[in-house]
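Good morning, and thank you for coming. I shall take one residue as a starting point and then turn to the chain as a whole.

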Amino acid sequence: MRAAILHETGQDKLEVVDDVEPVGFGPGKVRIRIRATGLCHSDLSAMNGVLPQPAPFVPGHEGAGEILDVGDGVSGLAQGDRVLMCWLPACGSCPSCKRGQSHLCLAGFMNAGTPNFRRAGGDVFGFAGTGTFTEEVVVGAGCAVPIPDDLPYEIAALIGCGVTTGLGAALNTAKVEAASSVAVIGCGGVGISVIQGAKACGAAEIIAVDPVPARREAALRFGATEAVAPEEFAGAKARITAGEGFDYVFEVVGKSATARTAYEMTRRGGTLCVVGAGAMDDTFQVNMFELFFDEKQILPSLYGGGDVLRSYERAIALWRAGRIDLEGLITHRVRLAEINEALDQMRAGTALRTCIEI
Ligand SMILES: [Zn+2]
Ligand SMILES: [Zn+2]
């Protein structure tokens with residue numbers, strides 16, 4: 001079967017091959033035919049080594065499809081079920097899961113060192129234990145979450161990562177209050193989802209900050225009240241908040257420099273919510289005086305915070321009610337053979353989400 005593979009970490013192009021087979025099917029597993037997959041920035045971060053991932057691997061972790069086979073011992077799933085892929089499956093029994101913080105469950109990562117695919121040249125891993133830039137994948141049953149019939153695969157795929165991450169940051173982690181002021185740094189698919197989440201929460205001001213004009217225009221379409229380039233951000237803060245700073249600032253880039261800017265743009269007592277996935281050698285610094293004296297809340301948000309399945313349900317409910325626009329997030333469509341064009345579009349910042357047809 002076909003799949004897009006990164007042979008070595010640090011390479012910037014994927015090779016589309018047709019000699020890959022999924023491996024590992026058995027008890028507790030399901031085999032899924034991928035019907036839609038989105039390209040998420042984390043795929044790039046795994047390719048360039050910012051996020052740890054053994055190679056060679058098939059990128060892609062934002063996917064949806066139908067179940068082809070169900071292994072022994074799997075309950076609640078059947079052949080033909082429409083599902084979205086959860087790359088952070090919850091075990092349901094560890095301390096994090098019992099607290100309702102299933103996004104912190106590490107059980108799914110126990111299999112991260114196990115290959116998901118094989119080809120003549122040897123083992124191939126799947127990014128984050130999934131790997132959706134392919135026709136079929138075998139994953140643990142917890143990675144397959146049934147979706148309602150009215151939810152298209154393309155939209156379901158986005159809910160599997162970017163949408164849940166962004167919406168959840170606003171709804172679950174920061175708990176944006178009505179009438180508050182919000183700034184969002186970084187307006188790709190996740191940043192736009194933060195904006196839509198803040199809007200759903202009733203924020204009065206939502207300032208989008210991004211160096212790419214197309215993304216600023218998109219941010220305005222999705223609910224930002226103003227969109228500025230990074231060099232205009234300080235002026236916007238002075239004008240909109242009388243210099244005090246925003247009630248909430250979301251960092252959706254994953255770099256210490258933008259996180260520091262976000263910290264400074266947050267008002268005293270306000271909330272800095274860190275959504276971007278950054279590198280282990282990039283250190284965010286706050287001095288001990290400002291840390292206690294300004295009482296800014298620093299809240300990281302992983303996969304939207306809170307209960308992952310509940311987050312999916314919320315996203316679906318808001319989409320169905322027309323309160324968020326998910327169709328509009330898909331700005332580009334490519335075939336698997338054109339995957340490298342999709343990577344270039346994401347690097348250039350011209351795509352919110354690219355949907356890849358397998
Ligand atoms: Zn992602
Ligand atoms: Zn768990």
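Is Ser-181 buried or exposed? Please bear in mind that the model before you is predicted. Ser-181 has a relative accessible area of 10%. Buried means under 20%, so Ser-181 is buried.

Ser-181 belongs to strand S12, which covers residues 181-185. Leaving aside residues up to four places away in sequence, Ser-181 touches Glu-205, Thr-241, Gly-245, Phe-246, Asp-247 and Tyr-248.

I now turn to the whole chain. The protein chain contains eleven helices and 19 strands. Its radius of gyration is 20 Å, close to the 21 Å that the globule rule gives for 358 residues, so the chain is as compact as a globular protein of that length.

How many of the residues count as buried? The figure is 53% of the 358 residues of the protein chain, and Ser-181 is one of the buried residues. As for contacts between residues at least 6 apart in sequence, 70% join residues at least 24 apart.

Note on methods: Residues are numbered from 1 along each chain as its sequence is written. Chains are lettered from A and ligands numbered from 1 in the order in which they are written. This is a predicted model: local features need pLDDT of at least 70, side-chain atom pairs count only at pLDDT 80 or more; totals for chains, interfaces and linings use all residues. Side-chain values use heavy atoms; hydrogens and water are left out. Helices (H or I, at least four residues) and strands (E, at least two) are DSSP runs, numbered from the N terminus. The radius of gyration is taken over C-alpha atoms; the globule rule is 2.2 Å times the number of residues to the power 0.38. Buried means under 20% relative accessible area, exposed over 50%, partly exposed in between (1.4 Å probe, protein chains only). Contact means heavy atoms within 4.5 Å.
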